[in-house]
Amino acid sequence: MNDIQAHIRSPKRTGHIEFYIEERSDDHVISRMPVAEGILNPFGVVQAGAMVWLADVTATVLAIGSQGISPDGKGFPLAVDLHTTLVGNQREGEIKAEARFVRKSRRLIVIRTRITGQEGRLLAELTSTHIPAG
């Protein structure tokens, strides 16, 4: 327990997050992230923020789709609300994010992203709401 206490007191935080977009289509995006040391919390499981980051970026890629984003960022689908439910975790292997539309209109996009682990076990669900940057 002393190592955990020392970690909690330490001002330094580091990590390394890396993932790969495996599949893109008009109605879904699938990404995979290896479970590596840089995304583990002090207890040796995936840090919740790493799962949220994976889900958020995967959902944003889906929201962008094939539309162009202007150099000044106009049209970029800004996430204005992220609701996450964490229901599981794991220590090794990889995790998968699958993003699908709940609602898509010109002014509002809602996406549900499921994070699953080994053997398809649900780890988290993130529902994100996006609006186009103006």
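Visitor: Why is His130 called buried?

Guide: Buried means under 20% relative accessible area, exposed over 50%, and partly exposed in between, using a 1.4 Å probe and protein chains only. His130 has 0% relative accessibility, so His130 counts as buried. This is a predicted model, where local features need pLDDT of at least 70 and side-chain atom pairs count only at pLDDT 80 or more, while totals for chains, interfaces and linings use all residues. Residues are numbered from 1 along each chain as its sequence is written, and side-chain values use heavy atoms, with hydrogens and water left out.

Visitor: Why does Thr129 count as buried?

Guide: Its relative accessibility is 17%, so Thr129 counts as buried. Both Thr129 and His130 sit in strand E6, which covers residues 122-132. Strands (E, at least two residues) and helices (H or I, at least four) are DSSP runs, numbered from the N terminus.

Visitor: What makes a polar contact with the side chain of His130?

Guide: The side chain of Ser128 does, at 2.8 Å. A polar contact is a pair of N or O atoms within 3.5 Å; within protein, one must be able to donate a hydrogen and the other to accept it, and residues adjacent in sequence count only if both atoms are side-chain atoms.

Visitor: What order do the strands of the open sheet have?

Guide: The 6 strands follow the order E1-E2-E4-E5-E6-E3, with antiparallel pairing. Two strands pair if DSSP finds at least two bridges between them; E3 and E6 have 9 bridges, in the antiparallel sense. Within E6, Ser128 stands opposite Leu82.

Visitor: Why is one side of E1 and of E3 left without a neighbour in the sheet?

Guide: Strand E1 (20-24) and strand E3 (77-86) stand at the edges and each has a single partner strand, so one side of each lacks a neighbour in the sheet.

Visitor: How many residues does H2 have, and what span is expected?

Guide: The expected span of a helix is 1.5 Å times one less than its number of residues. H2 has 17 residues and reaches 24 Å from its first C-alpha to its last, close to the expected 24 Å. At its N-terminal end the cap is Gln47, with a side-chain oxygen 2.4 Å from the backbone nitrogen of Gly49. Just after H2, Gly65 takes a positive phi of about 55°.

Visitor: Which strands do the buried residues of H2 pack against?

Guide: They pack against E1, E2, E3, E4, E5 and E6. Among the buried residues of H2 are Ala50, Met51, Leu54 and Ala59.

Visitor: Which residues touch the most other members of the largest nonpolar core?

Guide: A nonpolar core is a set of buried Ala, Val, Leu, Ile, Met, Phe, Trp, Tyr and Cys residues joined through side-chain atoms within 4.5 Å. The largest has 15 residues, of which Met33, Val46, Met51, Leu54, Ile95 and Ile115 touch the most other members. Helix H2 (48-64), strand E4 (94-104) and E6 each supply at least two residues of this core, and H2 gives the most, with 4 residues. A second, separate core of 8 residues includes Leu62, Ala63, Ala99 and Ile109.

Notes
Contact means heavy atoms within 4.5 Å.
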